[in-house]
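Take a look at the structure below.

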Amino acid sequence: MTEPLQQADHLLKAQRLECERDGRTLFRDLSFSIVPGTLTRVEGPNGSGKTTLLRILAGLNDNWSGHIHWCGRPRHKQWDSVRRNTLYLGHRPGIKGVLTPMENLQALVAGRQAVSRDVLSRALVQVGLGPWQNVPCEHLSAGQKRRVALARLLFADEPLWLLDEAFTALDVEAVAAVERLLADRVRDGGAVVMTTHHQPALDDMQRILLGHGPGQPAAEVSDEPVAEVSHG
Amino acid sequence: MGSRQPLAVPLLDPVNSSPGVWHAMVAVLRRDLRLSVRQKQDLLNPLLFFVMVVALFPLGVSPESSFLGEAGAGILWVGALLATMLSLDHLFRFDFEDGTLEQIALQPQPLFLLVLSKILAHWLVTGLPLVILTPLLGLMLYLDGNSVAVLCLTLLIGTPVLSLIGSVGAALTVGLRAGGVLLSLLVIPLYIPVLIFGTGTVMAAGSGADVSGHLALMAAMLVLALVLAPLAAAAALKISLSAS
Amino acid sequence: MWQFFHKLGSPKWFYGIAGRFMPWLLGAGLLLSLCGIVWGLLFAPQDYLQGNSYRIIFIHVPTAFLAQSVYMMIAVAGVITLVWKMKVADVFVRSVAPVGVVLTLLALFTGAVWGKPTWGAYWVWDARLTSMLILLFLYLGIIGLGYAYSDEKTAARSVAVLAIVGVVNIPIIKYSVDWWNTLHQPATFRITEKPTMPAEMWVPLLLVVLGTYLLFGWIAFYRMQTEILRRERRTRWVRELVQTGGQSQLKTGGA
């Protein structure tokens, strides 16, 4: 169904996106492409619509207008493929307190990928949860719960990752480890779009800028595209 | 706007294969059942509620066997209906709040089938126990053996319909903080036909009529609900997710 | 055709066109229903069984009719909201749902008043009255859900789903209530228009029904105009309408 990607083909292309929320325009005329092998950071002040944009790209939010293409074809004509090939981790990553890390991973992954228990177990060891594999997640700290969610990145095969505040509650070492993981991923040809509070120590980042400073709604800026995507 | 790739960069090709629908549905079902087993409260509360509501009628109206024998089927049906309704708010709420629902909605399988799985899990932990408990309560309300048997049969067909219709209401109100009361308001009018046919069938059986036609009618309602409710619930969930 | 459809979706265009239709709807509606009511109340013959008390059908039947059709219309508007995302469809739902409640209440009230001389009690669990009561619940659900969401689009789409689910259920509810009624009261007198109703009765009734539909159209447009102004209050055309000679127009729009 999906054909192999050509070099420099975009994975996802957004044209003239516009989103309004509670009567306020979050962004307008937003165009950008996500290309394999790139890391894109969505930037902007609080309330500028970073999470909303990520949810739009994931296909969770449909209160928007404009065009989104996936691998050269309109996205809404190939939802199966889009969903299978996009990994979205929201800031509430779907970890259940009464389930163990292993059970959580199994449930989250079951519909996407056939992954053996061994692989999951190794991923949990790698994120430092080896001894906690069979402890219900409600007994884990916030950072440890976040690690359970992020363990998915160690075996995920989706070409596009959308990470919303993936670094929340992680300690310094874990942040560095995730950054290394993302850099490796990009080098292998994956595409990552993310929002973060801290400035990640990653070079070669694309940027999508939302909003124009606090107190100044993006809606007021009419003709100029609100977003600019610069490379490097 | 897009940037050119250096030729040496490898590419990840889109993945074509994903686990089958069946596999994904079973996974959703297993997780929900596991959650219910670990949180026994969820399993027990509707049952306790059912028993207590039923116990109120002899206390509040009359313990006479003539009244209870006449009204018993209705009391048990209303009790089961209220108990199911009470448990509906939890059907999607926890999943919505911890992000599980997003992950389910983003799976490559059709959402309505995964929702159907969740509804099945809901019925297995609320509706089915209610049916199993009914003979005992039926005896306490002086129902005769034949009526109890027909009552159980109607509940067996009817409670899945309650779960199915209720899932639409639950999906519509999941994004609201105080959705519980509104949920009842939305769902009760839609429950009325099930209630009418459920109690009517038992009454007809009590007067010695052949009820196979009634049961077939209820089964038709179940089929209709099975086909339409998951679709409506999935559409409603997408709307709720879109707003969060 | 598509252009027309597109235009219909524009609140501004709709505001203008509604204003042009409204006087006609009001005039024709008043004329028809007044004719029908005067004819029905003063000149139509007495019913051989119920005497004069049957004359309440000239209010009861149109309101009950309309209450049910308004729910259907809301469901159709819901489909339009979901499929074409047309704003005006949602404006319609918002504006018309309370009208539906009032109509349902009127039908219930007149039914109860009619019930007193006919059955000797204000409320009898008659199939029609019970169905109307359930319809009232359905309406209240729609209004409750609509106000529960602060975001207009979410409210609109949620209400649309609910209305469609409700409409699928209405025939089932009706059938089940009729069945329940025969089960419990096999021999009561039913409020039904007898097929043998003489023309002197059904012609005025038809006039009132038609008139009420037209009047409903007027009320719907009136309320929709108000709702459009409220929603579009930040746009330029509404501001201009308010500032310039639109004042008089605004009044007819019922701001």
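In this predicted model, α2(C) passes α7(C) in a left-handed crossing. Two packed helices are described by the angle between their axes and the distance between the axes. Here helix α2 covers residues 11-43 of chain C, and helix α7 covers residues 199-231 of chain C. Their angle is about 155 degrees. Their axes lie 6 Å apart. Angles over 145 degrees count as roughly antiparallel, so α2(C) and α7(C) are roughly antiparallel to each other. Which residue classes make up the contact of α2(C) with α7(C)? It has 26 nonpolar, nine polar and one charged residues.

Next come the annotated spans. An unreviewed UniProt entry places the feature "transmembrane region" at several stretches of chain C, including residues 21-44 and 127-147.

Now turn to the neighbouring chain. In the contact between chains B and C, 21 residues of chain B meet 24 residues of chain C. Which elements of chain B give two or more residues to this side? They are α6 (145-173), α7 (179-206) and α8 (212-243) of chain B. α7(B) gives the most, with twelve residues. By class, the side of chain B that touches chain C has 20 nonpolar residues, one polar and no charged.

Conventions. Residues numbered from 1 in each chain as written. Chains lettered and ligands numbered in written order. Predicted model: local features only at pLDDT ≥ 70, side-chain atom pairs only at ≥ 80, totals over all residues. Contact = placed C-beta atoms within 7 Å. Helix = DSSP H or I, 4+ residues; strand = E, 2+ residues; numbered from the N terminus. Nonpolar A, V, L, I, M, F, W, Y, C, P; charged D, E, K, R; others polar. Axes fitted to C-alpha atoms, helices over the stretch in contact; angles between N-to-C directions. Parallel < 35°, antiparallel > 145°, perpendicular 65-115°, else oblique. Left-handed = near helix turned anticlockwise from the far one by under 90°. UniProt positions renumbered as here; feature names shortened; annotations may be inferred.
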